[in-house]
Amino acid sequence: MEDAPLIARVIADDDRHAFATLVRRHQSAVRGFLLRLCCGDGALADDIAQETFLRAYQRIGSYRSEGGFESWLFAIAYRSFLSEKRRRHWSAEELNAEPRAVEADDETAGDVAADLARALQQLREPERACLSLCYQWGMSHPEIAKVLELPMGTIKTHIARGKQKLRALLSSDDPGGESEP
Amino acid sequence: MNEQPESLESLLADAPYIDDAGFTESLMKRLPPRRPSLRFRTLILLGSTLASTCIVAAIPGARQLLMQAAGALVGDAAAVGSNLVAAGIVLGLAVWGALGAAQSDF
């Protein structure tokens, strides 16, 4: 079943099963997006993801289908992330510079993924959000502008700068000495 | 480490599926109590409207009541007396119906 009839059932009858189906369907995307924003802090990403879905449930009556349900969830997730950031008085340095244990450090994740995660931590949070939405979730620039509530020009700048920084970080020597000649 | 610039996009595109692992279940436990269904809210709205209509229809000379109530609003309160109480009930029911409608997701 597609999203629209499930959403209609949640709105009309407060159908919890329908809402649970929507959550199961989109939890991976929302948690993955937040994981990137939270620099690999899985527990924090999951807390914000729970908050995101709770807010989505409370506001589902105001959902309009133009942008797609997942984009709508991403917008709520990003706002939830920002309010959590404000609530905890995170500074950019605190969130970005302190390397957290990256989720991808299990056996299946290679060095490249870990390097990328570390490099992403060095980016500013809007740059991380833009790159994640653009490449990880395949969203267009206008869609990202809508989700992040930023002008299109700013989105393009964040993506270009983010990529530039990532390339520089990934091509430079790793501080841990893991670089190859 | 040396990263090929052209592979950056594909590296970024890597989005491994995150297993639910109880996420949905714990979220469902945190949802607020069930709100009245749309059907129930519609029944409240229709019921209150119907009830107020019946009360007005049951009062002898309903039109006169309305005229007297209007007169009371401009200062002739003594003339309407107890009919104003009935008008108050009608008004209360109408407000109740309006609140029921306001809480709905129409």
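Q: In what order do the elements of chain A run from the N terminus on?
A: This is a predicted model, where local features need pLDDT of at least 70, side-chain atom pairs count only at pLDDT 80 or more, and totals for chains, interfaces and linings use all residues. Residues are numbered from 1 along each chain as its sequence is written, chains are lettered from A and ligands numbered from 1 in the order in which they are written, and side-chain values use heavy atoms, with hydrogens and water left out. Elements are DSSP runs numbered from the N terminus: helices (H or I, at least four residues) and strands (E, at least two). Chain A has nine helices and zero strands, and its elements run α-α-α-α-α-α-α-α-α.

Q: What share of the residues in chain A is buried?
A: A residue is buried under 20% relative accessible area, exposed over 50% and partly exposed in between (1.4 Å probe, protein chains only). Chain A has 181 residues, and the buried share of them is 50%.

Q: What share of the residues of chain B counts as buried?
A: Chain B has six helices and zero strands. Of its 106 residues, the share that counts as buried is 25%.

Q: Which helix of chain B do the buried residues of α3(A) pack against?
A: The buried residues of α3(A) include L44(A), I48(A), F53(A) and Y57(A). In chain A, the buried residues pack against α1 (3-13), α2 (16-37) and α4 (69-87). Their partner in chain B is α2 (23-30).

Q: Why does α8(A) count as roughly perpendicular to α9(A)?
A: Helix α8 (residues 141-148) and helix α9 (residues 152-171) of chain A pack with their axes 9 Å apart. Axes are lines fitted to C-alpha atoms, for helices over the stretch in contact, and angles run from 0 to 180 degrees between N-to-C directions. Angles under 35 degrees count as roughly parallel, over 145 as roughly antiparallel, 65 to 115 as roughly perpendicular and the rest as oblique. The two helices are therefore roughly perpendicular, their angle being about 105°.

Q: Which residues of α9(A) make the contact with α8(A)?
A: Contact means heavy atoms within 4.5 Å. On the α8(A) side it is made by H141(A), P142(A), I144(A), A145(A) and L148(A). On the α9(A) side it is made by M152(A), I155(A), K156(A) and I159(A).

Q: Which residues does S132(A) touch, not counting residues up to four places away in sequence?
A: S132(A) lies in helix α7 (residues 125-136) of chain A. It counts as buried because its relative accessibility is 1%. With that exclusion, it touches F33(A), R36(A) and W137(A).

Q: Is G100(B) buried or exposed?
A: G100(B) lies in helix α6 (residues 83-102) of chain B. Its C-alpha atom is 9.2 Å from that of L43(B), a residue of helix α3 (residues 38-58) of chain B that counts as exposed at 58% relative accessibility. The C-alpha atoms of G100(B) and R41(B), 59 residues apart along the chain, are separated by 6.0 Å. With a relative accessible area of 11%, G100(B) is buried.
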